[in-house]
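Subject: Structure for your review

Dear colleague,

Please find below the structure that I am handing over to you, together with its sequence. My notes on what was found in it follow.

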Amino acid sequence: TPDTTADVEAPDVSGATTIALSGQSATATGTGAEVTDGMVTITAGGTYVVTGTMTEGRILVNAPKEEVTLVLQDASITCSTGSPLYVYKSKATTLYLPEGTASTLTDGTDYTFSDSYSSAEEEEPNACLYSKSDLIIAGSGSLTVNANYNNGITGKDTLFIQKASVTVNAVNHGINGKDSLTIKDADITVTSGGDALRSTNDSDPTLGYLVITGSALKLTAGEDGIQAETTLTISGGTAAGGAGQSISDDTSAKGLKAGTQVTVTGGTFQLNCCDDAIHSNGDVTISGGSFTIATGDDGMHADDTLSISSGTIDITRSYEGLEGAKVLISGGKISIVASDDGINAAGGSDQSGSGGFGFAPDAFGSSGDYLIRISGGVVTVNASGDGIDSNGDIEVTGGELYISGPTSNGDG
């Protein structure tokens, strides 16, 4: 597994094998690479420098238990029948993008799965850049991935992106690290019909996580912006995201979403979402950051505990602003505009209304006492329903609380 805490160093290209792409073929100079019928196959570990333009063909990595580094220097690969870059077997593969370079991968609208490395039954590969082993994308250059068939970038093990500028245009999901996805000090732009960023391993509770540090994200997704099967952790950087405005009842179109835990310690976020802007089937913990949120459902939702200790949160539009079985506010500056409740602690369905886009009110996965506790911070609520609504207790021991909205039926 790659060390995602360490910086990826520039590879030594002296003595590297060079792969010069040209039209529907290529020329390999050095050892470890073979060219046959438009297919460049890398069979040994080492460093390979890739240049030029391939209008029809692909690069396949088949180097079992070996570490492979591909240095893309203004390389462009188009393959109409499958993944233009397919890591079939390796111990780990690194795509290094040198500073000042711009490389592009483009696939077609249909894959044939006609070679011995592919499987139509398992739909593998199903991404423009597809790796069955650990994949690292690093360097200060840029990579553009145009995925016309299905997904943009898929790593079936660990996927680590550092410093690189990566743009993905995908008809389905954008970037998927199945076991984990870590993005560090990178610049990521994704336009996708499905999820923008995701980690999907649901068979091991220690995997399926997503970590983002010091990165700039611009995500436009037809479904979830960021979706982690287990935990989502964000510290630093900026994120702007939007979701589709018309979705079916069984489609998730949330901004930041996790199965067990969402943790945000810093960063600047602009989230415009059809469904919840921030959602966890477990807990949400906010201890820093600046948020501007407009959503058709909840601004922040936790099935269990929603905890806010610091940060600036401006929810300009929501069905309910903050929602959890327990909502704990100990600090921060929070402003909420809600068409129903501003802050809500409840189990099961809240029968006071429905979401702005026709969503049924959220059902909670937790059980036990419901609580809103405010012990600090500055909270301003403008709600068309209740300003604060708890199916259990409300405890206010500190901070400043301002509520405006309807005065009928005890809604204040």
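Strand β1 (residues 17-23) runs parallel to strand β5 (residues 46-54), and the two pair over 7 bridges. Strands here are DSSP runs of E with at least two residues, numbered from the N terminus, and two strands count as paired if DSSP finds at least two bridges between them. Within this pairing, threonine 18 stands opposite valine 49 of β5. Strand β5 also pairs in the parallel sense with strand β7 (residues 67-79), over 8 bridges. There, valine 50 stands opposite leucine 72 of β7. In a regular strand, side chains alternate between the two faces of the sheet.

Before the details, a word on the basis of these notes. This is a predicted model, in which local features need a pLDDT of at least 70 and side-chain atom pairs count only at pLDDT 80 or more, whereas totals for chains, interfaces and linings use all residues. Residues are numbered from 1 along each chain as its sequence is written, and side-chain values use heavy atoms, with hydrogens and water left out.

The pLDDT is the predictor's confidence in each residue, on a scale from 0 to 100. The chain averages 92, and 92% of the residues score at least 70. Over residues 348-360, however, the pLDDT is below 50; this stretch has 34 contacts in the model beyond near neighbours in sequence. A contact means heavy atoms within 4.5 Å.

In what follows, buried means under 20% relative accessible area, exposed means over 50%, and partly exposed lies in between (1.4 Å probe, protein chains only).

Leucine 129 belongs to strand β11 (residues 127-131). Leucine 129 counts as buried because its relative accessible area is 0%. Not counting residues up to four places away in sequence, leucine 129 touches Leu85, Leu95, Leu105, Leu135, Ile137, Leu143, Gly152, Ile153 and Thr154. Leucine 129 and isoleucine 153 are 24 residues apart in sequence, yet their C-alpha atoms are 4.8 Å apart.

Arginine 198 is part of strand β20 (residues 197-199). Arginine 198 is also classed as buried, because its relative accessibility is 15%. Its contacts, leaving aside neighbours within four places in sequence, are His173, Ile175, Asn176, Gly177, Leu181, Leu210 and Gln227.

Isoleucine 334 lies in strand β31 (residues 333-338). With a relative accessibility of 2%, isoleucine 334 is buried. Among the residues that isoleucine 334 touches beyond four places in sequence are Ile308, Ile313, Leu322 and Val378. From isoleucine 334 to leucine 401 the C-alpha distance is 9.6 Å, across 67 residues of sequence.

A nonpolar surface patch

Leucine 401 sits in strand β35 (residues 393-404). Leucine 401 counts as partly exposed because its relative accessibility is 31%. Together with Ile394, Val396 and Ile403, leucine 401 forms a nonpolar patch on the surface, with about 310 Å² of accessible area in total. Such a patch is made of residues with over 30% relative accessible area and no salt bridge, nonpolar side chains (Val, Leu, Ile, Met, Phe, Trp, Tyr) being joined within 5 Å. The areas come from the Shrake-Rupley method with a 1.4 Å probe, and for residues only the protein chains shown count as cover.

Salt bridges

The structure holds 9 salt bridges, each defined as a side-chain nitrogen of Lys or Arg within 4 Å of a carboxyl oxygen of Asp or Glu.

One of them joins aspartate 115 to arginine 58, with the closest N and O atoms 2.8 Å apart. This pair links distant parts of the chain, 57 residues apart: aspartate 115 is in the loop between β10 (102-107) and β11, and arginine 58 is in strand β6 (residues 58-62). Aspartate 115 is partly exposed at 22%, whereas arginine 58 is buried at 8%.

Lysine 91 forms a salt bridge with glutamate 67, at 3.9 Å between the closest N and O atoms.

By contrast, aspartate 224 and lysine 257 are both buried. Their side chains meet in a salt bridge of 3.4 Å, N to O. Finally, salt bridges with shared partners join Glu124, Lys132 and Lys156 into one network.

With kind regards

Key: Patch = residues over 30% accessible without salt bridge, like charges linked within 9 Å, V, L, I, M, F, W, Y side chains within 5 Å. Helix = DSSP H or I, 4+ residues; strand = E, 2+ residues; numbered from the N terminus.
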